[in-house]
Amino acid sequence: MTKLINALIFLMMLSPIYAEAKRPNILWLFSDDHAFQAIGAYGGRFENLNLTPNLDSIAKEGLVFDRAYVGNSICAPSRATLLTGKHSHINGKIDNRGPFNHDQQQFQKILQKNGYETAMIGKIHLSGKMQGFDYWEVLPGQGKYWDPSFVTEEGKTVYKGEHSTDVITKRALNWLENDRSADKPFMLMVHYKAPHRAWQPTTRWKEKFSAMTFPEPDTLFDDYKGRGTAANEQDMSIDITMRMKQDVKAEQPERQKELAALDPNDKKALIRLKYQWYMRDYLACIAGVDENIGFILDHLKASGLDKNTIVMYSADQGFYLGEHGWFDKRLMYEESYRTPLIAKWPGVTKPSTRNSDLVQNIDFAETFLDIAGIEAPEDMQGESLVPILKGESPSNWRKHLYYHYYEYPGAHSVRRHEGVSGKRFKLIRFYGKDVPNGEEWEFFDLKNDPKEMTSQYKNPEYAAEIAKLKKELANLRDKYEVAELPQKTSSKKKKKK
Ligand code: CA
């Protein structure tokens, strides 16, 4: 009799219906420009504010990646990498301006073919119709914070009087409750526009943060002496670039009062005040995202979906919250190169664990496929994070990451650069137009100089390490098929014509 029951159980396990029931759902939560410094689970100077209780709860039940990075620190290219599992030069989306080829291979198309129901709701920043999603509802381009319109397969809907963070959550909950088919595992991608510039929080959070004062970063008044042309000539400073009206809304009566109280000759005082205004709006946007994620987590719990749903949170890149006197991203320095990544997988991730392996956004697509038990196509360029989620720290895990930023000349005037980083050392090569002699290197020892204030490229003590990283850079170019490095920029080509 026991033998018969065992045989029956074995047959059940082989049946596709049983396998389907066991494959986990994936809830991918994503935001735009969310610096890891503004997540409680990552510690740092905002830790005591309890800014992100819901994200912290995911961390408590799961795993925090302490060394998660992007391959190109800017909005649309990061999303293209998320979908394709490939670096920018392979998926073709090297900057925010050019088109994205939706016809190319993307992980969601493969998931869909293999029995997953797929949905994308929120900001994707890739113009054209989405492919491989059973349901999609996305903001056109950057989208709007207030009165946002959303584009679907059928057309456009405007949500008058509503905030994008609230609408995205509402639409995601609607899909979970009413639209998805209960007999398939799902991949739901919920992509918030917040906290992108120009930081417009919901009214309830704006008011809560309106009189708060936040700690300043040590590098707010950086003079860029220890670095080269790119850091010295960028256009992303709180001092010069941040606009009084559109960015920090100085026209508001309470801000006018604060402005009037300043000594007009104290230039630093104005930077300090702009920083406070920036943080009030930015962190209020974060609080709104976290609150909304709480609503989705509550729904998972109430519906019982939480037992078989992997929840992952990340952002399209990091961001400067006044470090080096900046906002924005783009550079290969830690604040913008790193991105948050937190995941919980019921029954798999151990509670409150951390991992410091070097992971990158090229890994996400293969991770999703691996979770679903699907072999990733050979031409995807990342690694599955599943072993790490299971608590392993594989001995053959990569030791270096490749980075490449292309959008110059362009907004914020950050020179083109590529680079390689290990756990301790980082080598950056700025190149092309408006870089002296067409090439400029920086090298940082993150152990001795974690804030990257002084490039050691010319320090003979590091010559061996620099040579090693140059070799590694060549290896990675080869591995990732960086065919030729564009030496001249598009604007120069235009001039020739
Ligand atoms: Ca972004």
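Which residue in S14 is the bridge partner of Tyr 403? It is Gly 419, and the strands around this pair are a handy way into the structure. The model is a predicted one, in which local features need pLDDT of at least 70 and side-chain atom pairs count only at pLDDT 80 or more, while totals for chains, interfaces and linings use all residues. Numbering starts from 1 along each chain as its sequence is written, and side-chain values use heavy atoms, with hydrogens and water left out.

Helices (H or I, at least four residues) and strands (E, at least two) are DSSP runs, numbered from the N terminus. Strand S14 covers residues 417-421. Two strands pair if DSSP finds at least two bridges between them; five bridges join strand S13 (residues 401-405) to S14, and the two run antiparallel. Another five bridges join S14 to strand S15 (residues 425-431), again antiparallel, with Ser 421 standing opposite Lys 426 in S15. A hairpin of three residues takes the chain from S14 to S15. As for cover, five of the five residues of S14 are buried, where buried means under 20% relative accessible area, exposed over 50% and partly exposed in between (1.4 Å probe, protein chains only). His 417, Gly 419 and Ser 421 point one way from the strand, and Glu 418 and Val 420 point the other way.

Elsewhere, ten strands make up an open sheet with mixed pairing, in the order S7-S6-S5-S4-S8-S1-S9-S10-S2-S11. Its edges are strand S7 (156-158) and strand S11 (353-355), each pairing on one side only. Within the sheet, strand S1 (residues 25-31) and strand S8 (residues 186-191) run parallel and are joined by five bridges; Leu 27 sits opposite Leu 188 in S8. Helix H11 (residues 267-303) lies across S1, S8 and strand S9 (309-315), running at about 170 degrees to S9. Contact here means heavy atoms within 4.5 Å, and axes are lines fitted to C-alpha atoms, for helices over the stretch in contact, with angles from 0 to 180 degrees between N-to-C directions.

Then there is the calcium ion. Its protein donors are Asp 32 (OD), Asp 33 (OD), Cys 75 (SG), Asp 316 (OD), Asp 316 (OD) and Gln 317 (OE1), at 2.1 to 2.7 Å. Donors are N, O and S atoms within 2.8 Å of the metal (3.2 Å for Na, K and Ca), and water is not among the atoms, so sites may look incomplete. Along the sequence, the donor residues are spaced D-D-x41-C-x240-D-Q. The angles among the six donor atoms run from 52 to 158 degrees, and the site is irregular.

Salt bridges (a side-chain nitrogen of Lys or Arg within 4 Å of a carboxyl oxygen of Asp or Glu) number 38 in the structure. Lys 249 forms one with Asp 281, their closest N and O atoms being 3.0 Å apart. Lys 249 lies in the loop between H9 and helix H10 (253-260) and Asp 281 in helix H11, so the pair ties together parts 32 residues apart in sequence. The calcium donor Asp 33 also belongs to a salt-bridge network with Asp 328, Lys 329, Arg 330 and Glu 407.

Conventions. Four donors count as tetrahedral if all angles lie between 85 and 135 degrees; four count as square planar and six as octahedral if opposite donors are over 155 degrees apart and all others between 65 and 115; anything else is irregular.
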